[in-house]
Amino acid sequence: MSGPDFCVHVATRAEVLGLGIGSGPGAWGAVLGADCVDDPGEGLLRRDYGLVEVSFSADGGPLSCFGISVRAHRLIHGRAVPPALARAYGEFAPRVRFEEVRAGILALGCTVEPDDLSGDVHRYRVPESGVRVFVVDDPDPYGDGDHDVHDPQLHQAGDIWSLNVSPAWWARSR
């Protein structure tokens with residue numbers, strides 16, 4: 001397995017290693033470990049595991065997950081993969097290509113629809129899961145002209161920037 005396999009799983013299942021919307025911080029800590037940065041707010045908690053960020057809300061009860069973001073763009077800088085994901089999926093390459101992930105999603109019988117193709121990053125939707133996939137379209141958004149398309153340390157058009165799982169975030173855009 002690999003980074004694209006992980007992204008296909010998240011895109012089609014809307015979960016990470018069995019955890020999804022509604023799960024609590026304790027469950028995430030038990031599965032992904034304690035190596036994370038917590039950013040608490042009033043009734044909110046954002047937990048950053050590097051490749052994966054999880055948002056929790058108390059919303060009148062105990063903290064529970066209302067959003068998951070896979071920050072694939074961080075892979076290019078290394079050390080972003082939690083050990084539990086590396087054990088489950090193997091080594092992650094510095095970038096995840098959208099076409100490879102799209103092919104995996106389609107192979108599982110799901111679809112990928114354009115959601116917003118304006119701007120430097122395009123957004124796609126997997127209707128079966130509600131997951132949004134953000135893909136770099138213009139790696140030189142400021143038009144400096146100094147973007148080297150062969151530099152492995154720079155994002156390229158077609159790289160996945162992130163995947164986002166959250167019924168609340170996307171309820172209005174369906």
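Contact here means heavy atoms within 4.5 Å, and helices (H or I, at least four residues) and strands (E, at least two) are DSSP runs, numbered from the N terminus. The model is predicted, so local features need pLDDT of at least 70 and side-chain atom pairs count only at pLDDT 80 or more, while totals for chains, interfaces and linings use all residues. Residues are numbered from 1 along each chain as its sequence is written, and side-chain values use heavy atoms, with hydrogens and water left out.

Consider the sheet. It is open and consists of 8 strands in the order S3-S4-S5-S6-S10-S9-S8-S7, with antiparallel pairing; two strands pair if DSSP finds at least two bridges between them. Strand S3 (37-41) and strand S7 (113-116) are the edge strands, each pairing on one side only. S9 and S10 are joined by 4 bridges, and valine 135 has isoleucine 160 in S10 as its bridge partner.

Helix H4 (residues 98-107) comes next. Its residues Phe98, Val101 and Ile105 are buried, that is, under 20% relative accessible area, where exposed means over 50% and partly exposed in between (1.4 Å probe, protein chains only). Seen down the axis of H4, these buried residues fall within an arc of 65°, so they line one face of the helix; the arc is that of the directions from the helix axis to the C-beta atoms. Glu99 and Ala107, on the other side of H4, are exposed. The cover over the buried residues of H4 includes helix H1 (3-13), strand S8 (121-126), strand S9 (131-136) and strand S10 (160-165).
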